[in-house]
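Reader: Hello! Could you show me how to read a few features of a structure I have not seen before?
Author: Gladly. Let us look together.

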Amino acid sequence: MSVHLSRRTLLGGSVGALGAVAAANLSGCGVQAPLSIPTAARTGTPAPGGVMRIARPAASAAETLDSASSLNAYEYLGALYNRLVRQDEDGTTVPDLAEEWDSDPTASRWTFRLRRGVRFHDGREFTAEDVVYSIRHVLDPEIGSPQADTLASMFGPEDVRAIDPLTVQFDLQAANAEFPSLLTSYHCYIIPDGSAAEIGTTGIGTGPFVLESFTPAGPGVVVANEDYFDGRPVLDRIEFYSIQDATARVNALLAGQVDLLAQTNLDHPTARVVTGTAGTTVARVENAQWYTIPMLYSSEEFSDPRVRQAMKLAYDPEAILRTALQGEGDAGWDNPVPPGMAGRLDYQREYDPERAGALLAEAGKEGFTTTLHTSAYEANLTPIATAFADQVAEAGITLRITNVSADSYYTSSWMQTPLMVSYFATGRPLDQLLNQIFRSGSGYNESLWENQQFDELLDAARADVNESTRMQKYQDAQQLIIDESPHMTPLFGDRLVGLSERVVNYREFGFEFDYLGIGLED
Amino acid sequence: MAQLLIRRILTSVVTLLLASFLVYFATSALPGDVAQQLLGQDATEEALAQMREDLGLEQSVWAGYAAWLGGILTGDLGTSLVSGEPVAGIIGGAFGNTLLIAVPAIVIGVALSLALGVAAAVRRGRGADTSISMISLAAMSIPEFVIATLLVLVFAIAMPVFPAVVLMGDDAGLGDLLPAVWLPVVTLVLVMAAYIIRAMRSSTIDTMATEYALTAELKGLRRRDVLLRHVVPTALLPVLPVIAINIAWLLGGVVVVETIFNYPGLGALMIDSVSTRDLPVLQAIAIVTATVYVSVNLVADLLAMLIDPRQRGTTRSRAAAPKEETA
């Protein structure tokens, strides 16, 4: 019996699959299989127990399990520890180790009441002293925690106190009605009192999994915490493996060596290959990537507000979303608050290239030409830069695209070049997002914007204990960003996550990962 | 002969010194802030300043070079900026892992390539020659990452016989590595075979055309004996440097192949150290690689002298020591 394979089928098939795998990071031009990428993770009833294998890019060979550190091994944190509070899907602050909290009428003294009967993995009982210790640990200048500045601007180490074993009190130097949301940061996990010196390797927390082994930039294992206060997790074990090369990570998934790729945004051709391969599929973290184009406020090019306004009016974010991200995300319309987050201003600015041209003429900048910096630092930056340059060309703006080395992009270009494409992960709570990225003088204010009215709005919002008028102030602040700031948000991109078809109930948003419910089918 | 040896070894030492100089100054001139890389993008200014001081980044490049060179000579390669472990240990482990794929690749690759080269030469112009030439040419033209990806696609994904990557990283034991070495080995053999096959083929053809080979054949020696005893040893000479370069390339850690297979060897270590600006590790790898290149080439030269008396002769006439003839 002879098997007849049409030559075209054979060649076409193999070239397609190969080309696409190669295209994963080689910019090959593979033939793409006409597949659509699933929009949501599979849900279902997992088999109890099971071992999940997760491939992750290690932060560094010096990575640590100390969440306060800038080199924390991110994927372990949610499995090992809890915070006082966490975020739910629409950005609302919800209980974690704190059961409830309230403030005095001026929103400057905050009291958190803690969950009773919680134990650390070593058997010690969890108390208010642990919370005080953990927060002071984040504030410790020696640690250099990225969250330290945000917290230290509101209170010092002495301002957080244990009132009784299950009550913690913060005395803020200035009122902040959104204070609890700032404790949802993934740098604010609670560790046992006095454990700072060894927490980086012991990983002792109160979380749903207990550390069995951990090698920085190497493998590690966590096992189910039978006594977890919110019920035992579905899985018995999670094995973490470090794979630095993105293609190698995808290969490991396709070969069935791992079940999930953490912190890996598959590019479109690769996502199609993963979807089309038996045994593997794709889920997405919606709007996980926040792409930005900051115009430098202090630069000569963008000192004129008319030029900045023209830049915004000149481009259609929907078009950029279609060309650069194949529609996998949402148009931003220059509002930095991701769609779906509570408190987002519902407003779409105009798209009017003609008026953009007129504004430039008015400003004496007809035929405005400048350089747009981009980099391979993240896969989508350059497609966005190209699509943006195409768009503004219609308004008579010429952007010369310059590709900068990924190594030095954030050290030598960021906050220094007049125009660049940048990105953040979404997941910051509303108040932190606006304060950290847009307030005058903030270390993350990437457009160097300075606007007194905006800063005052944020202060007024923080001091406003009335939920609805406070939200109104945050929305006014967003309006100001859209209308006047030199900061553009063309779009939010979905993160395409590769995983095994056996994985069910995968849920991830912002900096939250559901370790409790995720499981494997038989 | 002894003088020649000494001269050859001295040249190697000078080459290594030059290499160390270039390595140190090139890595020092790399753009990017080591402290920033180590602490991450979110690091505070104070933490960065502290780190720079701790690392001795403020001292002069010349003083740094002198200290570094002194360290190498006394066997102290320094400590990694990232993990804080001694560099010698880190490199030793990675080099061992690289050997695990390099040695089989060298043994299989060189033996196979030489045999195929001779076979192609003997059957010059016939079907076998054409196919060997064409296949080796094709393998030579395909970049190793494509070959590696193809092999993974076929032998790890379509037919899961071998693992696609090494999961355990530096913690990988022999048991983890043994099943994982075969795809890298095959990739490397395919990539390096072509050069050796082609060199061996043309060299064998040239040698078969020499008068002494013809004489041997006309004297009635069997073809096989002519080939193995008279042609191949001579034909090997010009191929030795080609083999040497390939061996050095393999021992230096094959960056692309190791990265694709997440193989914890010297090449992957190099990529990691570049991205984390771990200069002591990077410099040590560069110097280890340079040493490997220099010594493998030295060995190849010495081997050539051993096989070919003519190579000893050229310098001996200058040395004017005819009594060494008996040596």
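Reader: Which residues does Val465(A) touch, not counting residues up to four places away in sequence?
Author: Keep in mind that this is a predicted model. Leaving out those sequence neighbours, Val465(A) is in contact with Pro105(A), Ala107(A) and Ala177(A).

Reader: Where in chain A does Val465(A) lie?
Author: Look in the loop that runs between α15 (452–463) and α16 (467–484) of chain A.

Reader: Why does Val465(A) count as partly exposed?
Author: Here we count neighbours. A residue is buried with 20 or more other C-beta atoms within 10 Å of its own, and exposed with 12 or fewer. Val465(A) has 14 C-beta neighbours inside 10 Å, so it counts as partly exposed.

Reader: Now for chain B. Which domains does the assignment give?
Author: Domain 1 covers 2–67 and domain 2 covers 87–318. Taken over C-alpha atoms, the centres of these two domains of chain B are 30 Å apart.

Reader: How many residues of domain 1 of chain B are in contact with domain 2 of chain B?
Author: 14 residues of domain 1 are in contact with 13 residues of domain 2. On the domain 1 side, α1 (2–28) and α2 (34–39) of chain B each supply at least two residues. The largest share, ten residues, comes from α1(B). Sorted by class, that side of domain 1 has seven nonpolar, six polar and one charged residues.

Methods: Residues numbered from 1 in each chain as written. Chains lettered and ligands numbered in written order. Predicted model: local features only at pLDDT ≥ 70, side-chain atom pairs only at ≥ 80, totals over all residues. Domains from an automatic or database assignment. Contact = placed C-beta atoms within 7 Å. Helix = DSSP H or I, 4+ residues; strand = E, 2+ residues; numbered from the N terminus. Nonpolar A, V, L, I, M, F, W, Y, C, P; charged D, E, K, R; others polar.
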